Amino acid sequence: MAISTFILTLVGGFVTSRIIKPKLEKQEYIIPADMNFDDFTVKPEEDKALAWAGIGLLVATAIVVVLGMGPLASYVSEEGKKVTPFLNNIILIITFLFFVPGLFYGVKVGMFKKADDVVKAMSKSMSSMGAVIVLTFFSYNFLALLSQSQLGTYITYLGATALQSMGLSDYPILLIIGFIIVTAIINLFVGGMTSKWMLLGPIFVPMLYQVNNHMTPDIVAAAYRVADSSTNIITPLMSYAGLILVFMRKYKPEYSVGDLVSLMFPYSITFLVIWSTALIGFFTFGLSLGF
């Protein structure tokens with residue numbers, strides 16, 4: 001739902017101005033001794049570099065358009081199936097669109113003077129992916145266990161039977177709300193969006209579809225993203241919770257995880273309610289969630 005960008009921006013701005021800002025204005029903070037306010041101003045060379053980054057974005061966009069209309073254009077195979085190379089490579093294309101402007105900026109500002117500098121910058125950005133790789137390893141082992149033992153099928157059957165016995169099969173909206181609440185609660189205790197979806201997806205997607213055939217995989221995936229994204233900011237298990245707390249303590253050393261959660265809680269609840277309402281609206285009126 002691309003409209004989520006605008007909805008969450010407006011909602012987040014409202015929560016900040018009406019709830020968080022008045023609360024923080026009543027507190028006292030310190031200014032770190034090593035803080036240089038000049039670092040918060042855009043230097044002339046950085047202005048020029050941003051212009052170059054814009055040129056890089058235009059160049060990358062032009063290349064993507066040429067690829068989309070040429071080598072990566074959709075076609076119909078000999079078997080009569082539509083093949084979409086462009087969408088099949090969308091992750092690489094998005095990566096390319098972000099990489100080229102960054103490369104132009106780095107070269108212009110003097111950060112990238114040789115190819116090795118680019119490699120080091122990319123390596124630094126990817127260094128945090130180690131935890132994801134480890135979790136993915138164990139997630140695939142769990143998926144293999146589900147496949148070999150048929151445990152996933154059995155859990156699906158039990159869950160579908162329980163939901164049907166509750167009489168929810170005729171109320172898909174209640175199923176969506178229930179799934180969002182369950183996922184939001186699970187997310188407080190299990191970190192990592194991708195690995196968690198690897199565990200929950202194979203169970204909930206067939207289970208909910210069996211209860212009501214309107215609960216298609218795209219609806220279930222969207223409901224999962226709503227719940228997971230809304231409560232990520234209030235769980236200490238979030239990958240960046242420690243990093244956020246470090247920055248907060250620069251200005252208020254006594255801040256704890258509880259303070260972080262209390263500050264983010266209004267965002268979490270508001271996002272969860274408004275975003276869930278938007279998803280239900282899309283589902284009710286049969287609007288497409290994407291392409």
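**Entry 1: surface and overall make-up**

Accessible areas here come from the Shrake-Rupley method with a 1.4 Å probe, and for residues only the protein chains shown count as cover. With that settled, I looked up the accessible surface of the protein, which comes to about 18700 Å², with 70% of it belonging to carbon and sulfur atoms. I noted that this is a predicted model, in which local features need pLDDT of at least 70 and side-chain atom pairs count only at pLDDT 80 or more, while totals for chains, interfaces and linings use all residues. I also noted that residues are numbered from 1 along each chain as its sequence is written, and that side-chain values use heavy atoms, with hydrogens and water left out.

I then went through the helices and strands, which are DSSP runs numbered from the N terminus (helices are H or I with at least four residues, strands are E with at least two). The protein has 12 helices and two strands, and along the sequence I read the pattern α-α-β-β-α-α-α-α-α-α-α-α-α-α.

Next I asked how much of the protein is buried, taking buried as under 20% relative accessible area, exposed as over 50% and partly exposed as in between (1.4 Å probe, protein chains only). Of the 291 residues, 30% are buried. For contacts (heavy atoms within 4.5 Å), I found that residues 24 or more positions apart account for 72% of those with a separation of 6 or more.

**Entry 2: helix α2**

Helix α2 has 26 residues and reaches 38 Å from its first C-alpha to its last, close to the 38 Å expected. Its buried residues are A49, A53, G56, A60 and V64, and what covers them includes α3 (85–88) and α4 (90–109).

I repeated the length check on α8, whose 16 residues should span 22 Å at 1.5 Å a residue, and the end C-alpha atoms are 22 Å apart, which agrees. I listed the buried residues of α8 as P172, L175, I176, F179, I180, T183, A184 and N187. They lie on the same side of α8, because they cover an arc of only 160° around the axis, where the arc is that of the directions from the helix axis to the C-beta atoms.

I picked out T183, which is found in helix α8, and T183 counts as buried because its relative accessibility is 0%. Leaving aside its neighbours within four places in sequence, T183 is in contact with Y224, A227 and D228.

I then turned to V220, which has its place in helix α10 (residues 217–231) and is buried, with a relative accessible area of 0%. The C-alpha atoms of V220 and I180 are separated by 9.0 Å, although the two residues are 40 residues apart along the chain. Neighbours within four places in sequence aside, V220 is in contact with F179, W197, V205, L208 and M215.

**Entry 3: a nonpolar patch**

I looked for patches, which are made of residues with over 30% relative accessible area and no salt bridge, like charges being joined within 9 Å and nonpolar side chains (Val, Leu, Ile, Met, Phe, Trp, Tyr) within 5 Å. Y171, I173, L174, I177, I181, I185 and F189 form a nonpolar patch on the surface, and together they have about 670 Å² of accessible area. Of these I followed up F189, which is found in the loop between α8 (172–187) and α9 (193–211) and is exposed, with a relative accessible area of 61%.

**Entry 4: salt bridges**

Side chains of opposite charge can pair when their charged atoms come close. The rule I used takes a salt bridge as a side-chain nitrogen of Lys or Arg within 4 Å of a carboxyl oxygen of Asp or Glu, and by this rule the count comes to three.

- D117 and K114 meet through their side chains (3.5 Å, N to O); D117 is buried at 17% relative accessible area, whereas K114 is exposed at 51%.
- D116 and K120 meet at 3.3 Å, N to O, and both lie in helix α5 (residues 115–126), four residues apart, about one turn of the helix; D116 is partly exposed at 34%, and K120 is exposed at 52%.
- E254 pairs with K252, the closest N and O atoms being 3.2 Å apart; E254 is exposed at 55% relative accessibility, while K252 counts as buried at 12%.

Terms used: The expected span of a helix is 1.5 Å times one less than its number of residues.
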